Structure formats: structure tokens, C-alpha cells
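Here is a short report on a ligand site and the pocket around it.

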Amino acid sequence: MERTFLMIKPDGVQRNLVGEIIRRFEAKGFTLVGLKMLQVSQELAQQHYDVHKERPFFDSLVQFIISAPVVAMVWEGDGVVGASRNIIGATNPLTAAPGTIRGDLAVSIGRNIIHGSDAIETAQREIALWFKDEELTTWNPTIKPWLYE
Ligand code: DAT
Ligand code: MG
């Protein structure tokens, strides 16, 4: 089944939003299959944001991600990559729709609380970058028949 990589950034952790964010994905009906809290190394942060390395905000973005612990997660479900992006909302929290995480809980682009993979191939790359195989679980929620027809 489809999987995505989500990361609660240092601002989300510092603002005590870890539970609120996990709650939204759990309530939606997606399945948590990997979870860890970590202090990110500069190398991992640079690799994670490699696509943005030429952008003017790259250095401050990397510095921010390594400034305090993050919560890294892998979630599973049909269409979870695209649906998670919708749950997260637009990159700029001021234009992110109400009801989304960024639309409800943040006010600035450099403090937008959470990262989510933007495509299935990106998710595969990011999951492999952040998690070892043995850190991921495969389990079968008993509520599945109540979520999927
Ligand atoms: P997203 O996180 O919505 O996928 P992105 O991949 O374009 O957005 O950018 C990665 C992160 O970089 C984003 O969450 C916040 C930061 N960022 C993006 N554009 C920025 C900008 N114009 N100024 C400052 N930070 C920016
Ligand atoms: Mg992105």
C-alpha cells in the first residue's frame, strides 16, 4: 500500500503540536507505520532538502531543521501522499486553506510546522533516507473494513 514521509519540524515540536498533528492523520484513517524523534544532522537535513540547494532560503531552512528535535513518521493508506499534502495545506500558512494544519496553526513560511512528501517517488526516496527497513512496521488495523469498502 502507498506510503508517505511526514516530519513535524522543530516549531511543531516546540509548540506542543505533535499530538494535534498525529491526531489529524489518525482520525482521517491513515495508518502509522514508522515514528521516531531525532535531532537531525546537518548532512541529513541537506540531503533531505537537496532539491532546494540552489534556492536562497536553503541555508536558513537547513539551520532551522537542525535547530531542535523533529518527529519523523511514515504513514500508509490509499492515496496517502496526495491526501497528506491536502491535510498539510499550502507552503505559505497565510494562504493555506482553513482546516489544513498550516492554515489552522501557523503564520509564516519559514515556520510552517510540518513536511510532507510531494509525490510517490519523493516519498520512497525520503522514507529510505530517514528510516532503516527494520524501523518500519507492517500491521493490519482491525478497523480496516470500516475504512475501506
Ligand atoms: P513544501 O514544504 O510545502 O513542500 P517546498 O518543498 O517548496 O514546500 O519548500 C520546502 C520548505 O522550504 C518549505 O516548507 C518552507 C521553505 N520555503 C519554501 N519556499 C520558501 C520561501 N520562498 N522563503 C522561505 N522559505 C521557503
Ligand atoms: Mg516540498
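How do the residues of the lining of the largest pocket divide into nonpolar, polar and charged?

## Pocket lining

The lining divides into seven nonpolar, nine polar and eight charged residues. Here Ala, Val, Leu, Ile, Met, Phe, Trp, Tyr, Cys and Pro count as nonpolar, Asp, Glu, Lys and Arg as charged, and the others, Gly among them, as polar.

This is a predicted model: local features need pLDDT of at least 70, side-chain atom pairs count only at pLDDT 80 or more, and totals for chains, interfaces and linings use all residues. Residues are numbered from 1 along each chain as its sequence is written, ligands are numbered from 1 in the order written, and side-chain values use heavy atoms, without hydrogens and water.

The volume of the largest pocket is about 600 Å³. Its lining counts 24 residues, and Tyr 49, His 52, Phe 57, Leu 61 and Thr 91 lie nearest the centre. Helix 4 (58–65), strand 4 (114–116) and helix 7 (120–130) each give two or more residues to this lining.

## Ligand shell

Around it are Lys 9, Tyr 49, His 52, Phe 57, Leu 61, Arg 85, Thr 91, Arg 102, Ile 109 and Asn 112 (a heavy atom within 4 Å). By class, this shell has four nonpolar, three polar and three charged residues.

## Polar contacts

Polar contacts are pairs of N or O atoms within 3.5 Å. The side chain of His 52 has an N or O atom 2.9 Å from an oxygen atom of ligand 1. For Arg 102, a polar side-chain atom lies 2.9 Å from a ligand 1 oxygen. An N or O atom in the Asn 112 side chain is 2.9 Å from an oxygen atom of ligand 1.

Methods: Polar contact = N/O pair within 3.5 Å; in protein donor to acceptor, adjacent residues only side chain to side chain. 1 Å grid on protein atoms, 1.4 Å probe; cavity = no way out; pocket = protein on both sides within 12 Å on 5 of 7 lines; lining within 4 Å. Points joined across faces, edges and corners; volume = space filled by probe spheres on them. Helix = DSSP H or I, 4+ residues; strand = E, 2+ residues; numbered from the N terminus.
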